[in-house]
Every structure is written in C-alpha cells, then in structure tokens.
Amino acid sequence: EMARVLAPGGRLLIANLQSFVTTRENPWHRDPATGEKLHIAVDHYITEQEQRATWQGPGGLIDIPNHHRPLGAYFQSLLSAGLRLEAFEEPMPTEDAVARHPKLASQRRVPWFYACAWRKD
C-alpha cells in the first residue's frame with residue numbers, strides 16, 4: 001500500500017526493529033547467577049507472528065502489537081512492489097550516549113533496529 005500511494009521519484013523511509021530481536025519476547029540470554037547479558041537468543045526466525053511489546057513510558061504503561069517477520073519478508077515485499085533500496089543503516093548509540101544512559105551499552109553489542117530508504121522509480 002505504501003508503494004501504491006508513493007509518487008514516482010518519491011522516497012519511503014523505514015525504521016524497524018531488527019528481526020532477530022523480535023523472535024522472542026526477551027531476546028537476551030542472561031547468566032542465571034548474575035543476570036549479565038550474554039548473547040541474543042534467536043528462535044523461530046522464519047515464523048511470522050504477532051507479539052505484544054510492553055514497557056514503562058513516562059506517561060504510564062505502553063502496550064502495542066509487534067509483528068515479527070524475517071528481514072527477507074520486508075525486503076521481498078518492497079522489492080516486488082517496484083521500490084529500489086537506496087540506503088540501509090544499523091544505527092548504534094554513541095559512546096557519549098552510553099555514558100549518559102548506561103542501559104544503552106548492550107545496544108552497542110548488536111544493532112537493535114535498522115533504517116532504510118527506498119525510492120519509487
């Protein structure tokens with residue numbers, strides 16, 4: 001639908017969670033004794049499924065549906081709609097951002113999301 005309403009020459013910018021972090025509700029495998037984050041556990045990567053994403057926001061509890069799909073499903077859909085990939089990035093927090101917000105440190109180990117730009121010819 002996005003490709004259909006996009007004018008020729010128009011650009012579509014997408015930011016999405018990495019598919020490998022949406023295969024499980026809590027993707028980090030932790031050390032049982034210390035709670036330290038050891039690695040991301042990926043399971044059922046190919047299976048498309050809906051999950052709930054819940055976290056505490058400044059105004060209260062945020063609860064939204066999240067749809068897991070493998071990265072290839074997104075790219076294949078956009079490519080088959082006639083869009084052309086122009087840019088792809090996996091932003092990471094800066095060292096300064098981690099110093100101010102230490103909880104971001106794990107996001108320097110694995111990219112949590114990606115951003116891409118597509119163009120309709």
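Helices (H or I, at least four residues) and strands (E, at least two) here are DSSP runs, numbered from the N terminus. The model is a predicted one, in which local features need pLDDT of at least 70 and side-chain atom pairs count only at pLDDT 80 or more, while totals for chains, interfaces and linings use all residues. Residues are numbered from 1 along each chain as its sequence is written, and side-chain values use heavy atoms, with hydrogens and water left out.

I'll start with the hairpin. Strand S4, residues 49–57, and strand S5, residues 60–68, run antiparallel and are joined by 9 bridges; two strands pair if DSSP finds at least two bridges between them. The hairpin they form has 2 residues between the strands. Ala 53 stands opposite Ile 64 in S5.

Asn 66 is also in S5. Is Asn 66 buried or exposed? Asn 66 has a relative accessible area of 16% and is therefore buried, the term meaning under 20%, with exposed over 50% and partly exposed in between (1.4 Å probe, protein chains only). Asn 66 touches Leu 17, Thr 22, Gln 49, Glu 50, Gln 51 and Ala 53, leaving aside residues up to four places away in sequence; contact means heavy atoms within 4.5 Å.

His 44 is not a glycine, yet its phi is positive, about 55 degrees.

Now the pockets. On a 1 Å grid over the protein atoms alone, a cavity is a set of points where a 1.4 Å probe fits but cannot get out, and a pocket is an open set with protein on both sides within 12 Å along at least five of seven lines; lining residues have an atom within 4 Å of a point. Grid points are joined across faces, edges and corners, and a volume is the space filled by probe spheres set on the points.

The largest pocket has a volume of about 520 Å³. Of its 16 lining residues, Glu 25, Pro 27, Ala 53, Thr 54 and Trp 112 lie nearest the centre. S4 and S5 each supply at least two lining residues, and the largest share, 5 residues, comes from S4.

The second largest pocket has a volume of about 220 Å³. Which element gives the most to its lining? H2 does, with 4 residues. Helix H1 (2–5), strand S1 (11–17) and helix H2 (71–80) each supply at least two. Among the lining residues are Glu 1, Leu 12 and Tyr 74.
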